[in-house]
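Hello,

Here is the structure I promised to pass on. Please have a look, then read my notes below.

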There are 2 protein chains.
Amino acid sequence: MSDPQPVTAAILVIGDEILSGRTKDKNIGYIAEYLTNSGIDLREVRVVPDVAEEIVGAVNALRARYTYLFTTGGIGPTHDDITADCVAAAFGVGIDVDPRARAMLLERHAEADLNEARLRMARIPFGAELIENPISKAPGFMIGNVIVMAGVPSIMQAMLDRVAPRLRTGARVLAETIEAGALPEGAYASDLAAVAGAHPGVSIGSYPSMTAAGFRNQIVVRGRDADMVAAARRDIEAAVARLHAAKG
Amino acid sequence: MSDPQPVTAAILVIGDEILSGRTKDKNIGYIAEYLTNSGIDLREVRVVPDVAEEIVGAVNALRARYTYLFTTGGIGPTHDDITADCVAAAFGVGIDVDPRARAMLLERHAEADLNEARLRMARIPFGAELIENPISKAPGFMIGNVIVMAGVPSIMQAMLDRVAPRLRTGARVLAETIEAGALPEGAYASDLAAVAGAHPGVSIGSYPSMTAAGFRNQIVVRGRDADMVAAARRDIEAAVARLHAAKG
């Protein structure tokens with residue numbers, strides 16, 4: 001059953017490599033779409049560097065404000081992987097090698113290869129539930145409302161699939177797209193504002209994109225009530241048709 | 001002349017369409033790389049929805065903290081384009097149609113077509129300098145340390161080129177990549193931590209990626225002093241060569 005209250009979320013991307021531009025993030029868009037399809041409203045995203053006070057500060061700001069916080073990055077074996085320690089610090093709990101996480105690592109590594117660095121990946125804050133990693137075994141975890149995942153997209157995606165069934169979800173937001181084509185935003189903006197004013201139960205956005213043939217515009221109606229979304233859509237389609245006719 | 005003090009920046013991406021996953025952001029990675037190449041340290045990124053209090057709050061938090069704040073999105077002609085008004089509110093200044101911006105719009109639109117919606121794109125906070133838009137004419141602007149740009153990537157990129165010469169820049173961060181190949185992170189993590197400890201003037205990161213042949217790892221040394229970066233690089237290369245030899 002979906003919850004009548006909106007279920008909200010934030011994403012915290014952790015990593016110097018994103019801020020330097022060396023690595024182009026692929027997780028934000030993926031998680032955003034995933035959450036929208038799951039009936040969870042993504043309300044904010046932050047990207048912070050591998051600096052403990054920045055991570056702890058962002059975790060505490062975001063977990064207080066939203067139903068869930070999803071983090072990506074910083075849970076590998078090297079010295080710059082400090083996410084688990086920072087999340088433990090944010091919650092004020094201890095952290096140590098977790099026997100369940102250690103057992104998962106042993107599915108991939110021989111006992112003799114479980115050196116101190118690899119065991120870093122089994123360090124889990126006290127009280128967290130593990131999130132399985134079918135690809136490289138080192139788990140993510142969920143503590144309170146914070147979901148800690150890897151930064152490598154394929155692993156993050158597998159973890160998201162595993163944690164999603166444990167999450168509370170709300171009514172899905174329905175989105176309908178109306179093609180305005182080559183009709184310029186400036187030509188329909190006032191009509192669109194009037195439709196938006198008449199349909200306060202939905203949100204309406206206008207999105208231009210550049211194509212080889214010039215700008216093309218799309219109008220998107222979003223809302224949780226199918227009738228309200230359909231009514232706004234009809235009004236927008238009528239306005240667009242009228243403007244196309246006037247132009248042609 | 002580059003500044004001896006680090007010049008820092010944040011990016012604020014404004015738009016429901018990014019948070020819903022409908023549009024995949026292409027601006028963060030582009031600006032990140034551009035700033036790194038310009039000697040400006042990107043320290044934080046936030047994505048917020050088209051909600052006035054969220055935008056105003058983020059603008060004020062980020063402009064106080066970093067040398068520059070770059071915003072993208074929300075400066076078109078439709079009712080959901082509220083960035084300029086929010087930036088004016090954040091600075092506590094007025095906003096109105098700017099004659100210079102109006103003149104720019106007249107390069108693209110006939111006087112008779114400058115309806116109220118299009119004139120929204122000429123609304124500029126008092127005291128701002130304009131940033132030319134060679135593509136669709138509606139300008140961005142810079143007020144104080146806040147640079148307000150379009151969300152459409154090609155327009156944003158053109159605006160960034162135009163505003164960059166006006167910005168203070170610092171010494172460029174040098175980055176050197178050492179290929180660790182199939183050597184697992186867990187095998188070199190302790191050596192890497194030792195190198196990092198011995199070279200406090202640089203930052204060292206380890207970045208796995210998935211390839212068809214399995215994981216491949218790269219180690220990146222970053223710093224402003226060429227000698228320090230080179231020294232750390234040599235130590236890492238020696239450790240990687242030793243581990244490859246031990247393995248082979």
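Two strands pair if DSSP finds at least two bridges between them. Strands (E, at least two residues) and helices (H or I, at least four) are DSSP runs, numbered from the N terminus. Strand β2 (residues 41-48) of chain A and strand β2 (residues 41-48) of chain B run antiparallel, joined by three bridges. There, A:Val47 stands opposite B:Val45.

A word on the basis. This is a predicted model, where local features need pLDDT of at least 70 and side-chain atom pairs count only at pLDDT 80 or more, while totals for chains, interfaces and linings use all residues. Residues are numbered from 1 along each chain as its sequence is written, and side-chain values use heavy atoms, without hydrogens and water.

Now the interface. 58 residues of chain A are in contact (heavy atoms within 4.5 Å) with 58 residues of chain B. Across the interface, the rule finds four salt bridges (a side-chain nitrogen of Lys or Arg within 4 Å of a carboxyl oxygen of Asp or Glu). One salt bridge joins the side chains of B:Glu54 and A:Arg65, at 2.4 Å, N to O. Helix α8 (residues 185-198) of chain A gives the most to the side of chain A that touches chain B: nine residues.

One residue to look at is B:Thr78. It lies in the loop between β3 (68-72) and α4 (83-91) of chain B.

Best wishes

How values were computed. Chains lettered and ligands numbered in written order.
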